[in-house]
Amino acid sequence: PASGELRDDKDRVIFDAGELTRQSITLPGQEFQAPPSVKDIETINCFTKLKDGRISAVQRTATWLVGTEGRAAIRAQAADGRAVDVRTYRVEYTRLGDA
């Protein structure tokens, strides 16, 4: 196999990728009246390259509240460092054609 390449028990190539983003939302007209809603969102994908060229993935997305001030800080503290939303998806990728 190529350097860093992993294979599962069916000899399929597997790989993973993750990303962490911070989302900040402020409603129009509320910039000076309320603090923004701030969340950290982590997405982890575990990919499997299938024999027919498709790629299958299991994706897990978790969201954490970030306390900025006021009610947001109270909600983040109540979450006690735990994710407030966790979702798991199965995703299938199929090449549509050469770009």
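User: How many salt bridges does the count come to?
Analyst: The count comes to eight salt bridges. Keep in mind that this is a predicted model.

User: Which residue forms a salt bridge with Arg22?
Analyst: Asp40 does, and the closest N and O atoms of the pair are 2.6 Å apart.

User: Is Asp40 buried or exposed?
Analyst: Asp40 counts as buried, because its relative accessibility is 18% and the cut-off for buried is under 20%. Arg22, at 55%, counts as exposed.

User: Changing topic. How many bridges join β2 to β3?
Analyst: Twelve, and the two strands run antiparallel. One of the pairings puts Glu19 with Thr43 of β3 as its bridge partner.

User: And what do β1 and β2 form?
Analyst: They form a hairpin with five residues between them. The pairing of β1 and β2 is antiparallel over two bridges, and Leu6 stands opposite Ile14 in β2.

User: Which residue in that turn has a positive phi?
Analyst: Asp11, with a phi of about 65°. Asp11 also forms a salt bridge with Arg7, at 3.8 Å between the closest N and O atoms. Arg7 is partly exposed at 39% relative accessible area, and Asp11 is partly exposed at 43%.

Note on methods:
Residues numbered from 1 in each chain as written. Predicted model: local features only at pLDDT ≥ 70, side-chain atom pairs only at ≥ 80, totals over all residues. Heavy atoms only, no water. Pairing = 2+ DSSP bridges. Helix = DSSP H or I, 4+ residues; strand = E, 2+ residues; numbered from the N terminus. Salt bridge = Lys/Arg side-chain N within 4 Å of Asp/Glu carboxyl O. Buried < 20%, exposed > 50% of the residue type's maximum accessible area, 1.4 Å probe, protein only.
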